[in-house]
Amino acid sequence: MLKRQKEQHLDELKFRFFTNISHEFRTPLALIITPLELLIRKTEAHNLKNELEKILDNAKDLLRLVNQLLDFRRLEQKGEHLKLSAVPIKSFIEENVEHFDELSKEHHITLACECQFANEDLFYLDAEKMTRVFNNLLSNAIKFTPNGGIITVQAGWIETASTNGRPTGIRISVSDTGIGIPPQDLEHIFTRFYQSDNTQSTQLNTGSGIGLHLTKGYIDLHKGTIKVESTPGKGSSFILTLPSHDEQEPLVRQSENTPEKHNNIENEFTQKTDKTTIWVTEDNVQFLHFMKNWLQQDFHVLTAADGQEGLNMAREYDPDLIISDVMMPNMDGYAFCRAIKTDMKCSHIPFILLTAKKSSESRSEAYDAGADSFIAKPFDVDVLSSRIRQLLEQREKRRDSIRRKIDIDPKEITITPIDEELMQKVLSYIEKNMSNTEYNVKALSADMGIERSLFYRKMQAIAGQTPSDFMRSIRLKRAAQLLKGNRYSVQEISWMVGFNTPRYFSSYFKEMFGMTPSQYAQQTKGENE
């Protein structure tokens with residue numbers, strides 16, 4: 001007993017040391033990284049800038065290791081918790097793999113990603129922690145794969161006969177053609193601080209031995225599994241699975257006030273459905289049941305009893321449309337609507353207010369709050385049904401306008417000032433970096449100052465596209481404008497709009513416009529003359 005207490009005390013001293021020294025490292029690192037970034041911006045000499053950027057990359061790597069120590073401490077002390085959100089899983093995985101494009105090219109390694117998901121597929125996970133999982137697995141794969149090797153990331157749904165084809169989770173594998181892992185090391189690979197005695201591995205592995213331990217910890221938090229298969233001299237595969245939300249005990253932190261109700265809403269929301277999701281907020285139980293029974297013939301319907309609960313749930317579940325009563329406890333419909341329309345997470349959601357008051361003052365107050373429609377009680381259900389369809393059709397028309405038009409006006413494709421400003425900034429940053437082949441979604445979301453999973457959600461809601469697809473479409477539309485002038489060659493234009501090679505440019509251009517760049521230039525010849 002005394003020995004165990006001493007061991008626990010020693011462990012606590014170790015963890016405290018890790019935490020303290022990690023925090024001490026972060027301040028001088030910040031004082032290195034920040035001035036270095038400013039110096040790089042001011043430096044015009046190309047060779048010097050390249051050298052400074054290498055120094056910056058190494059400083060950031062050191063900061064990443066320091067942060068990893070802090071993550072490790074929290075995980076060991078049971079201080080890590082999941083922050084789940086609905087993530088467009090295809091884009092999420094592809095963007096995480098894309099971050100390693102340049103590093104893989106430097107090492108002459110082929111990096112491939114194969115995702116068997118649709119663009120609109122959503123999956124609940126902690127985006128920040130799963131990004132760290134990808135970072136650990138891919139950085140290790142590159143480290144232990146020689147020049148000319150191949151790294152492949154594959155992902156898809158897990159389906160079983162017992163669920164009639166309904167997905168029970170996702171499966172992701174990261175495979176490489178590297179040096180492999182000796183059989184005696186496989187059972188210890190996820191053990192903290194473990195270092196292989198294998199000569200070749202030791203020469204390459206200069207890490208701390210906590211990266212894979214953290215990776216397993218994050219997968220365990222998701223109630224998933226991770227295993228490794230490896231053959232020395234041929235390569236390794238790390239295979240992880242994450243269960244679907246409705247196939248397991250709920251992972252989202254429950255509401256302190258109404259845990260049972262929150263669980264029911266969560267389970268209802270996460271059931272896979274192709275129907276449009278409508279959120280109804282109403283404090284009258286009988287009227288709420290009537291609305292749900294009527295609407296669920298055509299829609300997937302979720303409910304809340306007051307504005308505050310509706311707001312919390314809307315931020316979390318992102319419905320396609322909200323219908324709310326005005327007179328409610330805790331937060332009335334006007335305040336609820338105003339909160340929705342001024343919140344970046346959900347300002348794009350169409351909002352219909354229902355009220356028993358028919359006065360022009362009530363109508364004015366509803367529209368001042370940002371409501372997209374105002375309907376007085378008692379109402380004709382056909383009128384409400386028609387208004388719902390109109391708002392959803394208007395959303396699709398705005399998305400179609402984005403896909404169709406060469407010139408995009410943010411005022412025409414958004415319904416709130418906050419979304420208009422967001423789209424103006426997005427277009428501005430893409431325009432500013434049009435010819436920069438290194439400018440990707442990671443850089444764009446950083447410039448926007450928006451967390452990446454929220455940025456995906458907003459672009460999907462407004463444009464009906466992932467950030468990556470939207471950025472590429474803007475570049476291709478600029479290319480179409482340049483082709484009309486017949487002043488530049490196809491190769492020159494491909495570089496001007498940020499494509500590394502004319503071949504990829506031509507392929508994407510044909511996919512979008514139905515013809516090659518040369519054919520487009522010939523067809524539009526003389527339009528700008």
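**Aromatic pairs in a predicted model**

At 9% relative accessibility, Y520 counts as buried. That value comes from a predicted model. Y520 belongs to an aromatic cluster, together with F499, F505, Y508, F509 and F513.

The structure holds 11 aromatic pairs. A pair of aromatic rings is described by the distance of the centres and the angle of the planes. Two of these pairs are taken in turn here.

Take W279 and Y317. Their ring centres are 6.3 Å apart and their planes meet at 20 degrees, so the pair is stacked. The cut-off for stacked is under 30 degrees. W279 lies in strand β8, residues 277-281, and Y317 in helix α11, residues 307-317. The pair therefore ties together parts that are 38 residues apart in sequence. W279 is buried, with a relative accessible area of 0%. Y317 is buried too, at 2% relative accessibility.

Now F509 and Y520. Here the ring centres are 5.4 Å apart and the planes stand at 80 degrees, so the pair is edge-to-face. The cut-off for that class is over 60 degrees. F509 sits in helix α21, residues 502-513, while Y520 sits in helix α22, residues 517-523. The parts tied together are therefore 11 residues apart in sequence. F509 counts as buried, at 0% relative accessibility.

Charges come next. Y508, a member of the cluster, has the charged end of R472 over its ring, 4.2 Å from the ring centre. Y504 has a charge over its ring as well: the charged end of R503 sits 4.7 Å from the centre.

Note on methods: Residues numbered from 1 in each chain as written. Predicted model: local features only at pLDDT ≥ 70, side-chain atom pairs only at ≥ 80, totals over all residues. Heavy atoms only, no water. Phe/Tyr/Trp six-rings, centres within 6.5 Å; stacked < 30°, edge-to-face > 60°. Helix = DSSP H or I, 4+ residues; strand = E, 2+ residues; numbered from the N terminus. Buried < 20%, exposed > 50% of the residue type's maximum accessible area, 1.4 Å probe, protein only. Lys NZ or Arg CZ within 6 Å of the ring centre and 35° of its normal.
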